[in-house]
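Subject: A structure to look at

Hello,

Here is the structure I promised to pass on to you. Please open it beside this note, and then read on for what was found in it.

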Amino acid sequence: MTDVRDTLLIALYAFLGAAATGVAGAAVLRLVRRRSLITHLAVVAAVGVVAMLAGTMAVAQAMFLSSHDLRVVTTVVAMAAVVSLVTALLLGRWVVARSRELADAARHFGDGGAFAAPAAPATAELDAVSRELAATSARLAASRERERALETSRRELVAWISHDLRTPLAGLRAMSEALEDGVAADPDRYLKQMRTEVERLNDMVGDLFELSRIHAGTLPLSPARISLYDLVGDALAGVGPLAREHGVRLVGDGVERVPVEVDGKEMSRVLANLLVNAIRRTPADGTVAIAAERAPEGVVLSVTDGCGGIPEEDLPRVFDTGWRGTDARTPPAGAGLGLAIVRGIVEAHQGRATVRNIPGGCRFEVTLPAAKA
């Protein structure tokens, strides 16, 4: 019983001595919290050794240790202190060196370059930070690339719209001056042509307004349960005159009666834009086919034309704002907004728009979520 009591007293005195050292060490760590990691590691190592020594001294003062035993323990603690401090300093220098390398790599990455992880091995925490920085660098690089592509599209859009606006405006001015001066040989024909040009300008302004709402995320949608069969039928009827004018056959036999929850007006615009684009790119006696079917990912609506295909390097840009391709620089091709509007409306419906080449032409596909049962 006496041995148990003595053991408990020794533990109590050792704890009190070590606790006092721990409190002092915590205060020192708070004072040096803005200093280098080497300082923190040295303080932690010193606290461990001093706590052991303080506990030993408290036990010795309580007469549980002889003077000889105290000298032995003190000598052992002193040697442990030397080894602990040297180890802490070496570890601190190594960690600080790795941290500086990581900071230099991050600084280069922050200046606009790509992040290159330090080659030297680091701790698990620093390695995790390095991986996160590498992932962030990749995302920022992709974001910069998208920004450059968007800026290129914006410049092209401004240039092309300026050209497309200047041409009809110049024609309107010339025709109005001819009517005003009374030199128009056929005033009715001039008035009809002026109306056509005004309608084309109005369509262009409408496309720009629609695109601005899409980019601003303010496109109002009123989803309703509609059959794609009905939407396609209305769209084919709307573009029928244009197809006959270009000598293009329209085929809509592959349309299933698939229900979708979409904004009928906006989705009709998607179909009209895709069909008009396909008709204008398909040569006379060609065929434009539209189909709709269920798929594992939803409902797939496709428009196939006979344009001869799109160059592979241009495929990623087909839906970009202002893109019209190298053979579409004339005003009838539009301002390059139709397909950008298609993508914007489809994505607003939580869908996606894609394009791929097929023998003799290309196929535009719109994937929409299936209507809930």
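Leu274 sits in helix 7, which covers residues 264-281; helices here are DSSP runs of H or I with at least four residues, numbered from the N terminus, while strands are runs of E with at least two. With a relative accessible area of 2%, Leu274 counts as buried. The cut-offs are under 20% for buried and over 50% for exposed, with partly exposed in between, using a 1.4 Å probe and protein chains only. Leu274 lies 31 residues from Asp305 in sequence, and their C-alpha atoms are 9.8 Å apart in space.

A word on the source: this is a predicted model, in which local features need pLDDT of at least 70 and side-chain atom pairs count only at pLDDT 80 or more, while totals for chains, interfaces and linings use all residues. Residues are numbered from 1 along each chain as its sequence is written, and side-chain values use heavy atoms, with hydrogens and water left out.

Next, the salt bridges. The count comes to 8, where a salt bridge is a side-chain nitrogen of Lys or Arg within 4 Å of a carboxyl oxygen of Asp or Glu.

- Glu145 pairs with Arg148 at 2.8 Å, N to O. These two are 3 residues apart in helix 4, so about one helical turn separates them. Glu145 is partly exposed at 45%, and Arg148 is partly exposed at 46%.
- Glu177 pairs with Arg173, with the closest N and O atoms 3.2 Å apart. Here the spacing is 4 residues in helix 4, so again about one helical turn lies between Glu177 and Arg173. Glu177 is partly exposed at 35% relative accessibility, whereas Arg173 is exposed at 57%.

Another salt bridge links Glu365 to Arg356, at 3.1 Å from N to O. Glu365 is buried, at 18% relative accessibility, while Arg356 is partly exposed, at 37%. There is also a network: Glu210, Arg213 and Arg269 are joined by salt bridges that share partners.

Which residues line the second largest pocket closest to its centre? The pocket itself holds about 490 Å³ of space, and of its 19 lining residues, Leu150, His215, Asp320, Thr321 and Arg343 are the closest to the centre. A pocket is an open set of points on a 1 Å grid over the protein atoms alone, where a 1.4 Å probe fits and protein lies on both sides within 12 Å along at least five of seven lines; lining residues have an atom within 4 Å of a point. The volume is the space filled by probe spheres set on the points, which are joined across faces, edges and corners.

Helix 4 (124-181), helix 5 (187-216) and helix 8 (338-348) each bring at least two residues to this lining, and helix 4 gives the most, with 7. The lining is made up of 8 nonpolar, 5 polar and 6 charged residues.

Finally, the surface. Met79, Val82, Val86 and Leu90 make a nonpolar patch of about 390 Å². Such a patch takes residues with over 30% relative accessible area and no salt bridge, and joins nonpolar side chains within 5 Å; areas come from the Shrake-Rupley method with a 1.4 Å probe. Val86 belongs to helix 3 (residues 67-110) and is partly exposed, at 44%.

Enjoy looking around!

Best wishes

Terms used
Patches are made of residues with over 30% relative accessible area and no salt bridge: like charges are joined within 9 Å, nonpolar side chains (Val, Leu, Ile, Met, Phe, Trp, Tyr) within 5 Å. Ala, Val, Leu, Ile, Met, Phe, Trp, Tyr, Cys and Pro count as nonpolar, Asp, Glu, Lys and Arg as charged, and the others, Gly among them, as polar.
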